[in-house]
Structures are given as C-alpha cells and as structure tokens.
Amino acid sequence: MATSTRRFRALFISDVHLGAKGSQAERLLDFLRDHDADVIYLVGDIVDGWQLKSGWYWPQAHNDVVQKLLRQARKGARIIYLPGNHDEFLRDYYGTHFGGVEVQDKAMHEGADGRRYLVIHGDHFDLVVTQARWLALLGDKAYDIAITANRIFNTLRRRLGFPYWSLSAMGQAESQEMR
C-alpha cells in the first residue's frame, strides 16, 4: 500500500554529512520520499567537506539524496542551503543558486503564527570551531572512530537479529538522566 506524501510549510534538515561513511543518507531519502515542503532549509553539514578532503566516499545513496532535493526544487520547493563548518567551502558562494538551491549565510523563517526565526547552522557560536580549529579537526577524527565502531557494532547486531542501536542516542539519554 502506497503512503501519501505529507506536505509541510517548511522542513529543516541538518548534519547529513554526505561524503562520510557514517551518513545515513538512505534514511533521509526514505524521509524525503514521504515528506514535501514549500521551503526546505539545509542547515549546515549536508556535505562533509572535511571527510571528502581525506578520502573520496560518495555512494549512490548520497547521489540520490542530492538528486531528490534538486527534483524538489524543480517541482517548486524553495531550497535554502546554509553552510556549516563541515561544508564551509560553500561559504564562498553566498548569494548564488545551484540548480534551484540558494546558498545563504542565514535565513529568516516566518512561522505559521507570524513569529520570525533565525535559521543558521550554529557553528558560528562554537568557540572550538572559531578559535581552535585544530581541536575541532581532532574531535572530527574521534567522531569518525565512534561512527566506525557504531557501524561495526550494528553490523554484528543485524547479523544476530537485533535492531539498529545508536551510540549517540545512548549518550543523549544518559545526559537527560544526569539533569
């Protein structure tokens, strides 16, 4: 049975990290197949330039996500790309359009209730990213190791018949318990 596409005024998508092995592009693609919007905000780190610099990784699913977004732009959705620290190479292109995708530093979103919201990635406020880039790159490598470990762990879980388990979700749950 086919599911109908749910339509929204806006969708906010962040930290997809296309080009990184830990990207869950297939899950995003599934989401995009079932959800449509007048405006889609791509709020930073959609493409992982840091990973692509250290080694090219771009499977078909990553290509499919890009194609799906471009298709939505052709169908009339406004796509606004707000680069983050991992896709900072796009900051040189503020004010330009690529295939219907607008590249901007920041955007203002007006909610259905008329309230206005500033939309940015937020890395501008991260002192590690802005003041100690070496530490941010070290943290990125540690993150890669965690993602690889999580992927191996989930491969074993899948073979044993267990569902996907997220290391980051466990960390978030522990943070909540500490509060």
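Contact means heavy atoms within 4.5 Å.

## Basis of the model

This is a predicted model, in which local features need pLDDT of at least 70, side-chain atom pairs count only at pLDDT 80 or more, and totals for chains, interfaces and linings use all residues. Residues are numbered from 1 along each chain as its sequence is written, and side-chain values use heavy atoms, with hydrogens and water left out.

## The chain as a whole

The protein chain has six helices and seven strands. Helices (H or I, at least four residues) and strands (E, at least two) are DSSP runs, numbered from the N terminus. Along the sequence, their pattern is β-α-β-α-α-β-β-β-β-β-α-α-α.

Of the 179 residues of the protein chain, 39% count as buried. Buried means under 20% relative accessible area, exposed means over 50%, and partly exposed is in between, with a 1.4 Å probe and protein chains only. Among contacts between residues at least 6 apart in sequence, 70% join residues at least 24 apart.

Five strands form an open sheet with mixed pairing, in the order 1-2-3-5-4. Strand 1 (6–13) and strand 4 (97–98) stand at the edges with a single partner strand each, so one side of each is left without a neighbour in the sheet. Strands of a sheet pair through backbone hydrogen bonds, either parallel or antiparallel. Here, two strands pair if DSSP finds at least two bridges between them.

Strand 1 pairs with strand 2 (residues 35–43) in the parallel sense over seven bridges. Strand 3 and strand 5 pair in the parallel sense over three bridges; the partner of Y81 in strand 5 is V103. Strand 3 is mostly covered, as four of its five residues are buried.

## Helices on the sheet

Helix 1 (residues 25–34) lies across strand 1 and strand 2, and runs at about 140° to strand 2. Helix 3 packs on the sheet and touches strand 2, strand 3 (78–82), strand 4 and strand 5 (101–103). The direction of helix 3 makes about 120° with that of strand 2. For these angles, axes are lines fitted to C-alpha atoms, for helices over the stretch in contact, and the angles run from 0 to 180 degrees between N-to-C directions.

Which residues does Q72 touch, not counting residues up to four places away in sequence? Q72 is found in helix 3 (residues 60–74) and touches L32, H35, D36, I40 and A77. Q72 is buried, with a relative accessible area of 2%.

## A residue in helix 2

L52 is found in helix 2 and counts as buried, at 17% relative accessibility. Leaving out residues up to four places away in sequence, L52 touches G19, V47, Y57 and W58. L52 and H86 are 34 residues apart in sequence, and their C-alpha atoms are 9.8 Å apart in space.

## The second largest pocket

The second largest pocket has a volume of about 280 Å³. On a 1 Å grid over the protein atoms alone, a pocket is an open set of points with protein on both sides within 12 Å along at least five of seven lines, whereas a cavity is a set of points where a 1.4 Å probe fits but cannot get out; lining residues have an atom within 4 Å of a point. Grid points are joined across faces, edges and corners, and a volume is the space filled by probe spheres set on the points.

The second largest pocket is lined by 14 residues, and V47, V66, Y81, L90 and V101 lie nearest its centre. Helix 3 and strand 5 are the elements that give two or more residues to this lining. The largest share, four residues, comes from helix 3. By class, the lining has 14 nonpolar, no polar and no charged residues. Ala, Val, Leu, Ile, Met, Phe, Trp, Tyr, Cys and Pro count as nonpolar, Asp, Glu, Lys and Arg as charged, and the others, Gly among them, as polar.

## Two positive phi values

Most residues other than glycine have a negative phi. H17, in the loop between strand 1 and helix 1, has a positive phi near 60°. H17 is buried, with a relative accessible area of 11%.

D45 is not a glycine either, and its phi is positive, at about 55°. D45 is found in the loop between strand 2 and helix 2 (49–54) and counts as buried at 2% relative accessibility.
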